[in-house]
Amino acid sequence: MRSGKDKQQESGVSDVLALSYQDLSYHLKSCFLCLAHYQIPTKTLFRMWVAEGIVSNEDDREEYLNELIERCMVQIGRISCQMHDLMQDLCLSKAKEENFLEIIGDFQQVETSSSSTETVTRGTIDKVRRRVIYLDHSPPTENTSTIAEEARARAVATNYNNKNEDADDIYFKLNPENDTPLRSLLILSYPSREMLETEVVHWMLMKLELKKFTLLRVLSLERLTLEEKLPKAIGNLVHLKFLSFKYSILLRFPSFIRNLGCIETLDLRLLSPLGHDEQMTCLVMNEVIGRMRWLRHLYLPYHLNVGKSKVKWEKLSNLETLKHFDAEQWDIKDLAHLTSRLQKLALRNVESFKELEVILKPSHPISINLRSLFVNGTIVEETDLKQLSKCQDLCKLFVCGEIRNLPEPNLFPPNLTELSLQSSELQQDPTPILERLPNMTILSLWYDSYIGEEMVFSSNGFPRLIVLLLKSRFVKRLKVDISTMPYLNKLCIFECDSLEMVPEGVRYLTKLQTLFIRGMRKDFIQRLQVIDGKEGEDFYKVQHMPSIILIDDDDVRRSICP
């Protein structure tokens, strides 16, 4: 138990944090309170701000977030935003106090509610503008190791065991008697493999009636199994600007979304109940997508059959993000008609890199504005990569496909900061070339990117690299010289079946904070551990690292504390 002195100190810190909140402008308060519910991906956060009108101009979004960071109210990771525990408590408290946000089913909401004697009435609920519902399918376990896990287990038990007691309250929230002022509704789920395989629709989703949510701007239905009848009402939510079905299971393509004329972000990364590789069919794609003239960010399904349906891409003049464009379904040259400021492009099933020449001409708007490019399924020649050197703003590049040879460093995009290679089947060690890319901060060498046995990270190489990921079944030895990768913060070694040991030079990577190991041999892992007080052979190489995370073949996560 905490002493009275500890509680007094914590109370004093909380008072100071509360003053920090009071000092925020109206817009910054709204931006801050949006972070109350979970560690939200930064790009998703920005798009929700814009959809709700919290940020009127997309150019202001980074400025607002940076101000919260400078005030030490928000911490920014590589992908998501997060907060210190005390700041998170303040955010949750203020969000509830101001009817800014209601959370159902999350462990934080359970703790907050249990500590308050306030009774939530229907009148109070009517004032809520944002609601987040967590549908956790995992039953309580005996091995919950933290207070958070135990609280989450209690929340799940409450949802399932006390259905009759909570039924009226939950039904009212999901099926209001009158039109609701709700602007944002997020329903999220993290089902177990068993739940995904059975494809059972959660009982709370069966209660959801969307026709009363006429003012919704943001709707996110992620990782859910959806009834066919449920989404049809979405087509009538004409004010929607943000709609996500990310990783949800749906029997048919939701053609009814054609009525969403205000939509700006549309995430259709749906999964088919017939299997992850089964195609969804939409033979009227232009009638669905072509009329969305305000669309900025479009994520297409992973497997989509459009028949002979063509999309008039030139009508989407505001498009900035286009992901999972299938080159087998559509012709890449059709994108040449885009006059928008397209910045992020992901292409699948590309037969030849030469198909991209029409949009990578130095004078084409796509070539001028492109910042992120993903190309999957092609054979890449050295000359193909050279044409990317004309893309001055390109900073992220992912290539999945065979690469004959890498070009010299001066022929890569000049501002490249993130590079991912997969199935490249490079026969020569790529590090002598890649380590000379001056702005590289993230390097991911995925499955079969290099099929040799040794990689050498030489002195003074990778001067700005922060994250390095290696996944190879061929590499046996890694050599890490002194003075290489001086700013490396995170090292990931995944499924390197042949790798003999952690390299000696890792002990000299003084900035390294996290070693993440997944799917490695048992003897490799044992060399890093302390078992019964006896240090493994390689423990001395990693003992300076604050965090060592091991994930075995059964997805069991363990941490080593040096």
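Contact is taken here to mean heavy atoms within 4.5 Å. Helices (H or I, at least four residues) are DSSP runs, numbered from the N terminus. The structure is a predicted model, in which local features need pLDDT of at least 70 and side-chain atom pairs count only at pLDDT 80 or more, while totals for chains, interfaces and linings use all residues. Residues are numbered from 1 along each chain as its sequence is written, and side-chain values use heavy atoms, with hydrogens and water left out.

Helix α2 (residues 26–33) meets helix α4 (residues 61–70) through His27, Leu28, Cys31 and Phe32 on the α2 side and Tyr64, Glu67 and Leu68 on the α4 side. Five residues of this contact are nonpolar, one is polar and one is charged; Ala, Val, Leu, Ile, Met, Phe, Trp, Tyr, Cys and Pro count as nonpolar, Asp, Glu, Lys and Arg as charged, and the others, Gly among them, as polar. The axes of α2 and α4 come within 10 Å and cross at roughly 80 degrees, where axes are lines fitted to C-alpha atoms, for helices over the stretch in contact, and angles run from 0 to 180 degrees between N-to-C directions. The two helices, α2 and α4, are therefore roughly perpendicular, a class that covers 65 to 115 degrees.

Cys31 lies in α2 and is buried, at 0% relative accessibility; buried means under 20% relative accessible area (1.4 Å probe, protein chains only). Beyond its neighbours within four places in sequence, Cys31 is in contact with Trp49, Ile54, Val55, Tyr64 and Leu68. Cys31 and Ile54 are 23 residues apart along the chain, and their C-alpha atoms are separated by 7.0 Å.

In helix α3 (residues 42–52), 10 of the 11 residues are buried, among them Arg47, Trp49 and Glu52.

The buried residues of α5 are Met87, Gln88, Leu90, Cys91, Leu92, Lys94 and Ala95. Asn99 follows α5 and has a positive phi, near 55 degrees.

Two further cysteines are buried: Cys391 has a relative accessible area of 0%, and Cys400 has a relative accessibility of 12%. With a disulfide defined as a pair of cysteine sulfur atoms within 2.5 Å, the count is zero.

How values were computed
Angles under 35 degrees count as roughly parallel, over 145 as roughly antiparallel, 65 to 115 as roughly perpendicular and the rest as oblique. Buried means under 20% relative accessible area, exposed over 50%, partly exposed in between (1.4 Å probe, protein chains only).
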